[in-house]
Amino acid sequence: MEQNKTSFELLNDPFLNKGTAFTLDERERYGLVGLLPPYVQTLEEQVKQAYLNYQGQHDDVARRHYLMNLFSRNRTLFYALFADHVAEFMPVVYDPVIAQDIKRYSEFYIEPQNAVFLDATRPQDIESALKLGADGRDIDIIVVTDAEGILGIGDWGTNGVEISVGKLMVYTAAAGIDPARVLPVVIDAGTNRQSLLDDPMYLGTRHTRIDDDTYYSFLDKFVQEAERQFPNLYLHFEDFGRSHAAVLLDKYADTYPVFNDDIEGTGIITLAGILGALNITGGKLLDQRYLCFGAGTAGCGIAERVYQEMVDNGLSEEEARSHFYLIDKQGLLFDDMSDLTEKQRPFARKRSEFANADKLTTLQAVVDEIHPTIMVGTSTMSGAFTEDVVRSMAAHCERPMIFPLSNPTELAEAKAKDLIEWTDGKALVATGIPSEPIEYKGVSYEIGQANNALIYPGLGLGVIAAHSRLLTDTMISQAAHSLGGIVDASKPGAAVLPPVSKLTEFSHTVAMAVAKQAIKEGLNRVDIPDVEEAVRSHTWTPRYDD
Ligand SMILES: NC(=O)c1ccc[n+]([C@@H]2O[C@H](COP(=O)([O-])OP(=O)(O)OC[C@H]3O[C@@H](n4cnc5c(N)ncnc54)[C@H](O)[C@@H]3O)[C@@H](O)[C@H]2O)c1
Ligand SMILES: O=C(O)C[C@H](O)C(=O)O
Ligand SMILES: [Mn+2]
């Protein structure tokens with residue numbers, strides 16, 4: 001432990017603080033005698049006490065704030081408690097409760113949680129802000145957001161810092177990433193949400209989003225400076241807006257180990273869910289017709305991953321494309337539309353393929369026409385997968401895969417319970433937020449959570465354990481395949497993905513698969529004689545050391 005801290009600096013440093021668990025000897029040595037209640041608690045006693053306190057909170061937001069306060073005071077205690085209650089705490093520290101907190105960030109604000117706050121109009125601050133934020137720590141992972149597309153709730157400006165903090169919490173809880181080696185960053189590039197600009201309490205800059213030239217030049221400076229200061233950095237982009245997310249990923253992916261969670265993480269977990277569903281039905285990927293509803297960052301990211309899997313399975317690019325149908329606000333996307341995004345264009349269909357092309361402007365019309373076998377919702381259109389749509393799909397497909405992935409809860413395209421009932425138990429369902437098992441006609445249907453949180457922690461651990469120079473397509477593909485075989489597919493009502501309660505176990509499996517592939521591709525920047533050992537040595541456990 002560092003000796004150069006004053007008594008209160010030590011008690012206020014969440015990476016070093018042990019609170020009542022400082023031993024009598026440590027209290028003597030670090031000038032803490034008289035500053036703590038006299039009884040020395042063990043970590044186990046602290047965890048027990050904290051959990052009782054947690055249970056006494058009156059609602060989800062209060063429970064979240066209790067945990068966030070603990071996190072701000074003492075990282076070891078926070079993660080020791082989290083480790084005992086992973087499935088219970090995930091929805092509270094992460095999605096969906098995090099969404100409520102982001103909307104009211106300024107109102108609830110108490111302290112900055114060791115995040116770095118960058119103002120995109122002030123590139124001159126980047127270097128020193130990153131340095132001050134790291135405070136001498138080696139940083140392996142940065143989660144950065146500009147908060148233009150937080151979950152499905154849109155542009156939240158500086159408030160989005162919570163998503164960077166929250167995603168990093170999951171890295172540690174799931175994959176054991178050392179919480180002292182991570183840095184949450186928010187880039188405040190303004191906000192187009194008028195209610196924030198009008199709010200006297202808002203803690204962000206008071207202007208609309210800056211122009212693209214200033215924006216990209218700032219991002220460039222940020223990426224290069226972060227890479228320069230932290231040579232083993234894995235840079236995770238989260239919740240950027242649709243017009244920037246893919247551009248930034250494509251710009252840096254061949255140079256640095258960067259990752260876009262909404263594009264790549266969501267692509268991997270959804271492909272894993274599809275592979276899990278095929279494992280249950282015995283069906284083949286190449287027999288599927290894929291319908292994307294909401295072809296934005298996540299929708300196109302997933303389509304791209306599933307498409308790549310088809311190509312890897314031997315289809316030509318053209319054959320593979322023919323399995324995909326994308327719907328966005330315009331309806332089914334056609335190649336004669338002038339407002340397609342770069343990522344939508346390759347999947348756009350020709351009007352000449354359909355006798356009634358001009359009528360294919362609604363989800364219902366498209367489902368009736370193309371008879372999809374997979375339908376993935378990333379539209380933020382609450383309830384869009386209606387009973388009529390779902391019944392039409394199920395009429396032409398024995399076991400439809402239906403994944404309403406929009407977050408948070410109130411934006412999901414359908415509820416798992418309705419999907420099971422409308423399809424008489426035939427649908428293979430995965431949702432973005434956690435769903436309880438559905439009891440239907442004597443079977444308990446487990447609902448997989450197709451949320452990128454099930455994959456990005458293991459993926460990141462694999463990349464940093466291998467000291468990989470890049471995150472490649474094959475590493476991503478290995479991650480998607482590594483989840484296979486964890487679910488017992490023969491059990492009636494089996495989920496398409498493994499449960500969140502096993503998150504820590506399978507994150508290790510994912511990390512191993514990813515690290516091995518990185519080494520196979522020669523991307524490791526240091527010699528790695530033993531992959532298992534490399535992964536283990538990057539895995540932190542919450543425990544007090546002197
Ligand atoms: N489960 C997960 O892991 C996961 C991961 C990423 C995103 N998501 C969710 O997916 C949703 C979209 O996120 P995103 O980052 O892709 O946002 P985005 O804004 O990039 O994409 C949303 C797309 O939906 C389209 N859309 C909006 N209304 C529509 C309508 N009525 N009909 C058809 N299309 C419509 C938009 O035009 C846009 O292209 C969010 O709710 C987000 O929480 C889930
Ligand atoms: O944050 C989540 O729950 C998943 C995803 O990254 C999203 O943006 O919805
Ligand atoms: Mn996201």
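Select Arg228 to begin: with a relative accessibility of 53%, Arg228 counts as exposed. Keep in mind as you explore that this is a predicted model.

**Stop 1**

Which kind of contact do the side chains of Arg228 and Glu225 make? They meet in a salt bridge, with N and O 2.8 Å apart. Side chains of opposite charge can pair when their charged atoms come close. Both residues sit in helix H12 (residues 212-229), and because they are three residues apart there, about one helical turn separates them. Is Glu225 buried or exposed? Glu225 counts as buried, at 11% relative accessibility.

**Stop 1: a pair in a loop**

Next, select Lys350 and Asp335. The closest N and O atoms of this salt bridge are 2.8 Å apart. Where do the two residues lie? Lys350 and Asp335 are both in the loop between strand S8 (331-332) and helix H17 (363-370), 15 residues apart. Show the surface and you can look at both partners: Lys350 is partly exposed at 47% relative accessibility, and Asp335 is partly exposed too, at 37%.

While you are looking at charged residues, select Arg64, Asp101 and Glu162: salt bridges with shared partners join them into one network.

**Stop 3**

Move on to Asp140 and Arg181. Their salt bridge has its closest N and O atoms 2.7 Å apart. Asp140 is in the loop between helix H9 (126-134) and strand S2 (141-145), while Arg181 is in the loop between helix H10 (161-175) and strand S3 (182-188), so this pair ties together parts 41 residues apart in sequence. Asp140 is buried, with a relative accessible area of 4%, whereas Arg181 is partly exposed at 30%. How many salt bridges does a search of the whole structure find? The search finds 28.

**Stop 2**

Asp239 lies in the loop between strand S4 (234-238) and helix H13 (242-252), and Asp262 in helix H14 (residues 261-281), so the pair ties together parts that are 23 residues apart in sequence.

Notes. Residues are numbered from 1 along each chain as its sequence is written. Chains are lettered from A and ligands numbered from 1 in the order in which they are written. This is a predicted model: local features need pLDDT of at least 70, side-chain atom pairs count only at pLDDT 80 or more; totals for chains, interfaces and linings use all residues. Side-chain values use heavy atoms; hydrogens and water are left out. Helices (H or I, at least four residues) and strands (E, at least two) are DSSP runs, numbered from the N terminus. A salt bridge is a side-chain nitrogen of Lys or Arg within 4 Å of a carboxyl oxygen of Asp or Glu. Buried means under 20% relative accessible area, exposed over 50%, partly exposed in between (1.4 Å probe, protein chains only).
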